[in-house]
Amino acid sequence: TDQSGDISVDGDALPEFTEPGVSAPTDSALGLTAPTFTGETFEGESLTIGNDGRPKAVYFLAHWCEHCQAEVPKVQALIDDGQVPEGLDLYAISTALDASRGNFPPEAWLEREGWTVPTMKDDNLSSGLRAGGGSSFPYVLYLDSDHNVVARSSGELPDATLLELWQRAVDGESLAQ
C-alpha cells in the first residue's frame with residue numbers, strides 16, 4: 001500500500017503551533033474553524049474530517065517519532081478501556097513520511113499497535129499537517145461540534161490531561177481566556 005496519498009484541505013490553514021504541551025489560553029488558533037481534510041485511509045477508503053456536528057480529536061502522527069510511538073498505545077489503551085467521552089470522534093493523519101527513518105511503513109506500525117482510529121494518509125509534502133498548524137509530534141487538534149479549535153497539543157501527554165482535553169472538545173469548552 002502506498003503510505004502517502006492525495007489530501008485536500010478546504011478552509012483556512014491554522015497558525016503554526018510551536019509550543020510544547022497544551023496550548024496556552026492566548027493560542028491564536030483557539031476559536032478558529034479548523035480546515036476540512038479529505039483523503040483516504042491505508043485501506044483505500046475515502047475519509048473526510050470536517051464539520052459534521054460532532055466534536056473530535058485529530059492526531060497527526062509521524063511513524064519515526066518516539067513520542068508518537070509512546071502515545072499511540074496509550075491512546076489505544078484509553079479507547080480499549082472505554083474512556084473516550086460519549087460523542088467524541090477520534091481521527092488520525094499519518095504524516096511526515098520518511099522511508100529512511102525507523103518504524104516504516106506507518107501502516108504496519110499502526111496495525112502492530114492495534115490502532116483502531118480512522119487514519120488518513122497525508123501527502124508527501126505534509127499538506128494536512130501544515131494546514132492543521134502542526135510542527136512537532138504527536139500534534140493534536142481538539143475540536144468542538146462546530147469544528148472550532150478548543151485546544152491544541154504537541155508531544156506526549158499524561159492520560160488525565162488527554163481525558164480533560166477530550167472532554168473539553170465534547171463540552172465545547174475552549175482554553176481561551
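The radius of gyration used here is taken over C-alpha atoms, and the globule rule is 2.2 Å times the number of residues to the power 0.38. With 177 residues, a compact globule would come out near 16 Å, and the protein chain has 15 Å, which agrees. This is a predicted model, in which local features need pLDDT of at least 70, side-chain atom pairs count only at pLDDT 80 or more, and totals for chains, interfaces and linings use all residues. Residues are numbered from 1 along each chain as its sequence is written, and side-chain values use heavy atoms, with hydrogens and water left out.

**Whole chain**

Start with a cartoon view. The secondary structure comes to four helices and nine strands; helices (H or I, at least four residues) and strands (E, at least two) are DSSP runs, numbered from the N terminus. From the N terminus on, the order is β-β-β-β-β-α-β-α-β-α-β-β-α. Along the principal axes, the C-alpha atoms fill a box of roughly 45 × 35 × 30 Å.

Colour next by accessibility: 50% of the 177 residues count as buried. Buried means under 20% relative accessible area, exposed over 50%, and partly exposed in between, with a 1.4 Å probe and protein chains only. For contacts, take heavy atoms within 4.5 Å. Among contacts between residues at least 6 apart in sequence, 76% join residues at least 24 apart.

**Helix α4**

Select residues 159-171, which are helix α4. The expected span of a helix is 1.5 Å times one less than its number of residues. For the 13 residues of α4 this gives 18 Å, and the end C-alpha atoms are 18 Å apart, which agrees.

Show the side chains of Leu 162, Leu 165, Trp 166, Arg 168 and Ala 169, the buried residues of α4. They cover an arc of only 155 degrees around the axis, which puts them on the same side of α4; the arc is that of the directions from the helix axis to the C-beta atoms. What do the buried residues of α4 pack against? Their partners are β2, β5, α1 (66-80), β6 (89-94), β8 and β9 (149-154).

Centre on Trp 166, which is found in helix α4. Trp 166 is buried, with a relative accessible area of 0%. Leaving aside neighbours within four places in sequence, Trp 166 is in contact with Ala 57, Tyr 59, Val 75, Leu 78, Gln 83, Val 84, Pro 85, Leu 88, Leu 90 and Tyr 142. Gly 102 lies 64 residues from Trp 166 in sequence and 29 Å from it in space, C-alpha to C-alpha. Just after α4, Gly 172 takes a positive phi of about 65 degrees.

**Aromatic cluster**

Now select Phe 17, Phe 37, Phe 60 and Tyr 139, which form one aromatic cluster. A search of the whole structure finds four aromatic pairs. Rings of Phe, Tyr and Trp (its six-membered ring) pair if their centres lie within 6.5 Å; planes under 30 degrees apart count as stacked, over 60 as edge-to-face and the rest as tilted.

Phe 17 and Tyr 139 are tilted, 6.0 Å centre to centre with 40 degrees between the planes. Phe 17 lies in the loop between β1 (8-10) and β2 (21-22) and Tyr 139 in strand β8 (residues 139-143), so the pair ties together parts that are 122 residues apart in sequence. Phe 17 and Tyr 139 are buried.

The rings of Phe 60 and Tyr 139 have centres 5.5 Å apart and planes at 40 degrees, so this pair is tilted. It links Phe 60 in strand β5 (residues 56-61) with Tyr 139 in strand β8, 79 residues apart. Phe 60 counts as buried at 0% relative accessibility, as does Tyr 139 at 0%.

**Loop between β6 and α2**

Move to the loop between β6 and α2 (106-112), where Pro 105 is placed. Most residues other than glycine have a negative phi, and most peptide bonds are trans.

- The peptide bond from Phe 104 to Pro 105 is cis, with omega near 5 degrees.
- Ala 96, in this loop, has a positive phi of about 55 degrees although it is not a glycine. Ala 96 counts as buried at 14% relative accessibility.
- Asn 103, also in this loop, has a positive phi near 65 degrees. Asn 103 is partly exposed, with a relative accessible area of 22%.

**Last stops**

Select Phe 137 and Pro 138: a cis peptide bond joins them, with omega about -20 degrees. Pro 138 is in the loop between α3 (127-132) and β8.

Finish at Trp 64, where Arg 101 lies over the face at 3.7 Å from the ring centre. A charge sits over a ring if NZ of Lys or CZ of Arg is within 6 Å of the ring centre and within 35 degrees of the ring normal.
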